[in-house]
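Dear colleague,

Please find below the structure that I am handing over to you. My notes on it follow directly after.

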Amino acid sequence: MILRPARPEDAATLGPFHVRCWQEAYQGIIPEEFLQGLDPVTRTDRFAQLIADDVTDMVVVEDEGELAGFISFGPAREVEGIGEVYAIYVGSDFWGRGFGSALLRGAQDRLASEFDRAMLWVLTDNTRARAFYERHGWRATGDSQYLDLGGSRVEELRYDRLLR
């Protein structure tokens with residue numbers, strides 16, 4: 001297992017990987033029509049922007065040269081003075097093998113150098129992810145918001161964690 005900062009050339013792999021992760025993790029949570037319509041090229045372009053962004057930190061984890069997952073994090077977008085985990089995804093072939101935990105611990109450590117607390121948003125119906133975060137000390141705050149994905153409203157819950 002190798003964790004390293006994302007590099008510009010990773011965008012071409014991250015785009016299709018992200019689409020596949022959404023299709024694996026959100027099956028039965030997000031409408032299938034929306035998931036099948038995700039565009040790897042659009043996602044690749046977005047990853048190129050994020051990797052070049054000075055505000056967002058992005059770390060990938062590899063297993064024997066294969067991309068296993070990634071995490072992006074930085075200052076909270078909506079709350080001043082705290083950190084935020086923007087996204088974390090691990091391919092289903094790597095679930096339950098410690099890759100997500102390694103990514104999350106690394107991000108928490110980096111965020112702790114600047115912030116006392118961090119937040120993240122998780123889909124309410126994504127019980128697997130919610131259990132993962134709770135095992136790592138994250139707690140639901142009771143705040144929620146809704147996303148419009150392909151004409152369907154999907155609820156997200158906010159989780160917070162003390163970092164230091």
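**Contacts of E62 and the findings around it**

Leaving aside neighbours within four places in sequence, E62 is in contact (heavy atoms within 4.5 Å) with M1, I2, R4, A68 and F99. Please note that this is a predicted model, in which local features need pLDDT of at least 70 and side-chain atom pairs count only at pLDDT 80 or more, while totals for chains, interfaces and linings use all residues. Residues are numbered from 1 along each chain as its sequence is written, and side-chain values use heavy atoms, with hydrogens and water left out.

E62 lies in strand β2; helices (H or I, at least four residues) and strands (E, at least two) are DSSP runs, numbered from the N terminus. With a relative accessible area of 17%, E62 is buried, where buried means under 20% relative accessible area, exposed over 50%, and partly exposed in between (1.4 Å probe, protein chains only). The side chain of E62 makes a polar contact with the side chain of R4 at 2.9 Å. A polar contact is a pair of N or O atoms within 3.5 Å; within protein, one must be able to donate a hydrogen and the other to accept it, and residues adjacent in sequence count only if both atoms are side-chain atoms.

R4 is also among the residues touched by D10, together with P5, I51 and V60, not counting residues up to four places away in sequence. D10 is placed in the loop between β1 and α1, and it counts as buried because its relative accessibility is 10%.

**The sheet**

An open sheet is formed by seven strands in the order β1-β2-β3-β4-β5-β7-β6, with mixed pairing; two strands pair if DSSP finds at least two bridges between them. β1 (2-5) and β6 (139-149) are the edge strands, each pairing on one side only. On average, neighbouring strands of this sheet are turned by 25 degrees against each other, direction ignored.

β1 and β2 pair in the antiparallel sense over four bridges, and I2 stands opposite E62 in β2. β2 and β3 also run antiparallel, joined by seven bridges, with D57 opposite F73 in β3. These two strands, β2 and β3, form a hairpin with two residues between them, and E64 in the turn has a positive phi of about 50 degrees. Six of the seven residues of β2 are buried, so this strand is largely enclosed by the rest of the structure.

Helix α1 (residues 11-25) lies across β2, β3, β4 and β6 and runs at about 90 degrees to β3. Helix α4 lies across β1, β2, β3, β4, β5 and β7, at about 165 degrees to β4. Axes are lines fitted to C-alpha atoms, for helices over the stretch in contact, and angles run from 0 to 180 degrees between N-to-C directions.

**The nonpolar cores**

A nonpolar core is a set of buried Ala, Val, Leu, Ile, Met, Phe, Trp, Tyr and Cys residues joined through side-chain atoms within 4.5 Å. The largest has 26 residues, of which I71, L104, Y133 and W138 touch the most other members. α4 gives the most to this core, with six residues. A second, separate core of 24 residues includes A6, C21, I51 and M58.

Yours sincerely
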